[in-house]
Amino acid sequence: MNRHAVSIKPPSATVEHERHEEPAVSESNRISIFQKIWRKLVGAPKQASKEETSPREKRRWRLLQVESALACNLKCVMCPWKDFRDQVRHGGIMRPEVWDAIKPHLSNAKSVDFTGGGEPLLQPRLVEWITDANRAGCETGILTNALLLTEETSRKLISAGLDWICISIDGARKEEYEAIRIGSNFEKVCENVANFAMLRTGKAPKMMINFVMMSHNFHQVEDIVRLAAQLGVDQVNFKQCEVIRGEHGKGHGLFGKEETKEIRRWEKELDKALRFAKKLGIQTTASPFTPMERPVCEQDPRDSVFISYEGDVAPCINLVKGGPTTFLGQETVMPSVCYGRLPDVDLGELMENETCKLYRERFHERTAAYEQVFMRSIMSDSSSSAARLLRQALKEMPEAPEGCKACHYLCGI
């Protein structure tokens, strides 16, 4: 969100025609221009025109997030899914019949992320499934701790057509890393990541590092950028520890309900790391330290679904695995939301489920209300600040669906 004043004036060029002046830009074109400007200002996703739309962009789902495994080979200190993992069925590994229920719908999905609450490299059919999705024209990716990313596995993943791989590394040195990622081996992970970078052709698959910012590793935000450059990684994502279940994940996040002196210090240090990354040619993303409610979260249930290892279909991972949580310092309960279970019900049919339609339609309504506030300001040549417009938009948007009201994702964190 742009926090500065929004003041955009319409084109002033005119041409004389008989006794009156006509705008050089038609009203419909003027609105189109303003819509593009508005989207750039507020960071709304671009909507492709018919001319720009590719076959992939015409597909029903922007994202199918497929939890290929809930099982994991590590015991990370901030993992919120520990209790769920203690109660897994089928070893916490997605069964082939669940994938077989997904496979016919791949031609209607733009991308497939094979990550959930566990380690995808524990899924013995992962390469086969990535190949299926790739052949269907889907973009594919995984988030992994990379401990099992051997040279053989790397070659198979690249050959299968993997488009991106993100590696969880929360420490730039052995001591900090292994204290967080319990059961891992810093040297082995670094070796695996560097080998993967050498095996790929050019910049494909894209390589990223997820760095979860916590009190005991934040001092390494610059060091992780340096390590990424040394390993041949393209991007570093600075994440908050935003998902909490009971005591798991609680107390690790650095974000707060409102800005404090400490948060301003963290923001300053992180900004320095981002500038350093730019100098090294490393791309970055960074989660904010304070909340700002959005009309819809990045998961965006309007055109994406999460499919658990058991086949449960839900708006996102946070809602499929409900339970006690903490939202901006307040204890609450995240409800469990499930549209239905594969392979018992067809995935396409589940999209017409009343719960699914509620989430989809509510976020359409919220986004439309949000956009209208900013468009009215632009069309009336208002000089209202973006912050003031945001406050107005929050008043006009309908309430978020159950669960989303207590989710850090909707606050951009």
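Tutor: Start with a term. Two strands are said to pair if DSSP finds at least two bridges between them. Now to the part itself, the sheet. Keep in mind that this is a predicted model.

The chain has 13 helices and 14 strands. Strands of a sheet pair through backbone hydrogen bonds, and the sense may be parallel or antiparallel.

Take strand 10 next. Strand 3 (residues 61–66) pairs with strand 10 in the parallel sense, over four bridges. There, Ser304 of strand 10 has Leu63 opposite. With strand 11 (residues 312–314), strand 10 (residues 304–307) pairs in the antiparallel sense, over two bridges. Val313 of strand 11 stands opposite Ile307. Phe306 has Ala314 in strand 11 as its bridge partner. Strands 10 and 11 form a hairpin, with four residues between them. One turn residue, Gly311, has a positive phi of about 100°.

Is strand 10 covered or open on its faces? Both faces are covered. Ser304 and Phe306 are buried on one side, and Val305 and Ile307 are buried on the other.

Step back along the chain to Arg302. This residue sits in the loop between strand 9 and strand 10. Arg302 and Arg62 are 240 residues apart in the chain, yet their C-alpha atoms are separated by 9.0 Å. The side chain of Arg302 makes a polar contact of 2.8 Å with the side chain of Asp300. Another polar contact, of 3.4 Å, links the side chains of Arg302 and Thr367. Beyond its neighbours within four places in sequence, Arg302 is in contact with Val296, Arg360, Phe363, His364 and Thr367.

Now move across the sheet to strand 5 (residues 139–144), where Thr144 is found. Is Thr144 buried or exposed? Its relative accessible area is 1%, and a residue counts as buried when that value is under 20%. So Thr144 is buried. The side chain of Thr144 has a polar contact of 2.8 Å with the side chain of Glu119. A polar atom of the Thr144 side chain also lies 2.9 Å from the backbone nitrogen of Ala146. Apart from neighbours within four places in sequence, the contacts of Thr144 are Glu119, Leu121, Ile165, Cys166, Ile167 and Ser168.

Next come helices on the sheet.

Val221, Ile224, Val225, Leu227, Ala228 and Leu231 are its buried residues. An α-helix has 3.6 residues a turn, so residues three or four places apart point the same way. The buried residues of helix 8 pack against helix 7 (186–199), strand 7, strand 8 and helix 9. Just after helix 8, Gly232 has a positive phi of about 90°.

Ile224 leads on to the core. The largest nonpolar core has 97 residues, and Ile102, Phe114 and Ile224 touch the most other members. Leaving out residues up to four places away in sequence, Ile224 touches Ile169, Gly171, Ala172, Ile209, Phe211, Val236 and Phe238. Another core, of eight residues, lies apart from it; among its members are Ala369, Tyr370, Phe374 and Leu390.

Leu390 points to helix 13 (residues 386–396), where Ala386, Leu389, Leu390 and Ala393 are buried. Down the helix 13 axis, these buried residues fall within an arc of 105°, so they line one face. They pack against helix 12 (354–379). Arg388, Arg391 and Lys395 are exposed on the face turned away from that buried side.

Notes: Residues are numbered from 1 along each chain as its sequence is written. This is a predicted model: local features need pLDDT of at least 70, side-chain atom pairs count only at pLDDT 80 or more; totals for chains, interfaces and linings use all residues. Side-chain values use heavy atoms; hydrogens and water are left out. Buried means under 20% relative accessible area, exposed over 50%, partly exposed in between (1.4 Å probe, protein chains only). Contact means heavy atoms within 4.5 Å. A nonpolar core is a set of buried Ala, Val, Leu, Ile, Met, Phe, Trp, Tyr and Cys residues joined through side-chain atoms within 4.5 Å. A polar contact is a pair of N or O atoms within 3.5 Å; within protein, one must be able to donate a hydrogen and the other to accept it, and residues adjacent in sequence count only if both atoms are side-chain atoms. The arc is that of the directions from the helix axis to the C-beta atoms.
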